[in-house]
Amino acid sequence: MKLNKNVKMFMSYVIPSIIAMLIVGSYSIVDSVFIGQYSGKTGLAAVAITWPLIMFFGAVGDMLGTGAGVLISQAQGANNIKKARSSFANMMFLQVLFCIILIIPCTVFLPNILILSGANIELLPISLMYAKILIYGCFASMLTTGLISVIRNDGRPTFAMIIIVISLVLNIVLDYLFIFVFNLGLAGAAWATLVSQIVACAIGLIYFACKYTQLRYGSDMLKLNFQQAKDIIINGIPSLGNQLSIIIMLFLHNYQSMRYGGIDGLAVYTFIGAIESLGSLFMTGLSLGIQPLVAFLYGSHKYARQNVIGNMGYWFAFFSGIVLMLISFVGYNIFPAWFNLHGNVAKLASHGLVISSTAFLLLGVIRVAGYYYQATGKIRASSLLIYGDAFFALPLCLFLLPIWFGLDGVWLAMPISRVLLFSFVCYLWWDKKRRK
């Protein structure tokens, strides 16, 4: 009976969170499909260059939202509603502050940033046009990410999923209208994404005006707590690292793909990166579903049940990784055509997907471990694991392996770096058992 209760609770959070994150990942997939059909490999390469920068804004929003969400779940577990409300209020303040801090330098130095990301004379004008629209509307993407994180941790994972579903459906409709009907091209894809995010943000803001949540707006939320704002940032640092690992993965892969394969290599990685990001977001959704449960149980001192939920997450992640890898193996000759890749470019994409998809085996286990340690207040262990990926394991593999294997080394970087990180996870498990 107890196991069934745990399974039911686990699935009620994990399934909506996975669906939500897959839908988030579908934004880039949908845009890539429409852009690929409209402008081919040049459009795909131009958009690939902008993704790391655009995702960075979402990463900061996720850091603040998840940091606040962890504190909210822990406070609700300890029945401290006042602290939960204060955490939400401070998250909103920080979202506005960080948006202002980020948008000014990014706007001023945008051409330099895109050139650093790999834009050449052919790609720079298109990338600038696409990026400017999304940067000017970055507050919507940042705040939406934060609001959805808090809604999930407020015990409403299904509603958080519904908001994202509405946004994706709207994005698909607007992509078709703006790109093909109104003939706006890449600019139309950017406007479609921005408008759909604004609608999602509005729905999230309305939720906190309703009676269904203890976090609804009130005069007590006008009192800012700088210590709590600091705690939100500290608790959100691992989440920022998770997003940074995706951003750095895209940035470094773009650079190395262009270096070793030219525009063909970059177009191929746009395809492979979309698949990798979708798998990564699947595992992030799993981890985000576990995190509120673990944080709540940790706050209410139910440590045995907390460990049960964590172990369920590890096994679910491992078997999901096997399924994702097999799907990639089965569809490696089918998927490239969805991105309008043909001929030698399609063959290169199929070959690269088979190699890179083996990373799915350990990806989820590593991601669950990072969020589990974050939810239980072990910020140092979580940060070492996550930032070790973004700033050590992946860059090391991406710069060394292509020296020996050429473009295949670029595709091998993700699988090999997962093995290095899993070794560190095993050390953390062993150290925990030794301390007990």
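Once neighbours within four places in sequence are set aside, Leu-420 is in contact (heavy atoms within 4.5 Å) with Ala-393 and Cys-397. Leu-420 belongs to helix α14, residues 407-435; helices here are DSSP runs of H or I with at least four residues, strands are runs of E with at least two, and both are numbered from the N terminus. With a relative accessible area of 39%, Leu-420 is partly exposed; on this scale, computed with a 1.4 Å probe and protein chains only, buried means under 20% relative accessible area, exposed means over 50%, and partly exposed lies in between. Leu-420 and Ala-317 are 103 residues apart along the chain, and their C-alpha atoms are separated by 18 Å.

The structure is a predicted model, in which local features need pLDDT of at least 70 and side-chain atom pairs count only at pLDDT 80 or more, whereas totals for chains, interfaces and linings use all residues. Residues are numbered from 1 along each chain as its sequence is written, and side-chain values use heavy atoms, with hydrogens and water left out.

Axes are lines fitted to C-alpha atoms, for helices over the stretch in contact, and the angles run from 0 to 180 degrees between N-to-C directions. On the α4 side the meeting residues are Ile-126, Met-129, Tyr-130, Ile-133 and Leu-134, and they face Leu-186, Ala-187, Ala-189, Ala-190, Trp-191, Thr-193 and Leu-194 in α7. By class, this contact of α4 with α7 has 11 nonpolar residues, 1 polar and no charged; Ala, Val, Leu, Ile, Met, Phe, Trp, Tyr, Cys and Pro count as nonpolar, Asp, Glu, Lys and Arg as charged, and the others, Gly among them, as polar.

Helix α6, residues 157-181, also packs with α7: their axes come within 8 Å and cross at roughly 155°. That angle makes α6 roughly antiparallel to α7. Here too the crossing is right-handed, and the residues in the contact of α6 with α7 comprise 15 nonpolar, 8 polar and 1 charged.

With α5 the angle to α7 is about 40°, and the axes lie 9 Å apart. The pair α5 and α7 is therefore oblique. In this case the crossing is left-handed. The contact brings together Ala-140, Ser-141, Leu-143, Thr-144, Leu-147 and Ile-151 of α5 with Gln-197, Ile-198, Ala-200, Cys-201, Gly-204, Leu-205 and Tyr-207 of α7. These residues of α5 and α7 divide into 9 nonpolar, 4 polar and no charged.

Of the 16 residues of α5, 14 are buried, so the helix is largely enclosed by the rest of the structure. Gly-155, with a positive phi near 90°, follows α5.

Ser-127, in helix α4, is buried at 0% relative accessibility. Beyond its neighbours within four places in sequence, Ser-127 touches Ala-46, Ile-49, Thr-50 and Leu-114. Leu-288, in helix α8, is buried at 4% relative accessibility. With neighbours within four places left aside, Leu-288 is in contact with Ser-17, Met-21, Thr-66, Arg-152 and Tyr-371. Leu-288 and Arg-367 are 79 residues apart in sequence, with a C-alpha to C-alpha distance of 9.5 Å.

Asn-79, in the loop between α1 (2-77) and α2 (81-108), has a phi near 60°, positive in a residue other than glycine. Asn-79 is exposed at 63% relative accessible area. His-301, not a glycine either, has a positive phi of about 65° and sits in the loop between α8 (226-299) and α9 (303-331). His-301 is exposed, its relative accessible area being 56%.

Terms used. Angles under 35 degrees count as roughly parallel, over 145 as roughly antiparallel, 65 to 115 as roughly perpendicular and the rest as oblique. A crossing is left-handed if the near helix is turned anticlockwise from the far one by less than a right angle, and right-handed if clockwise.
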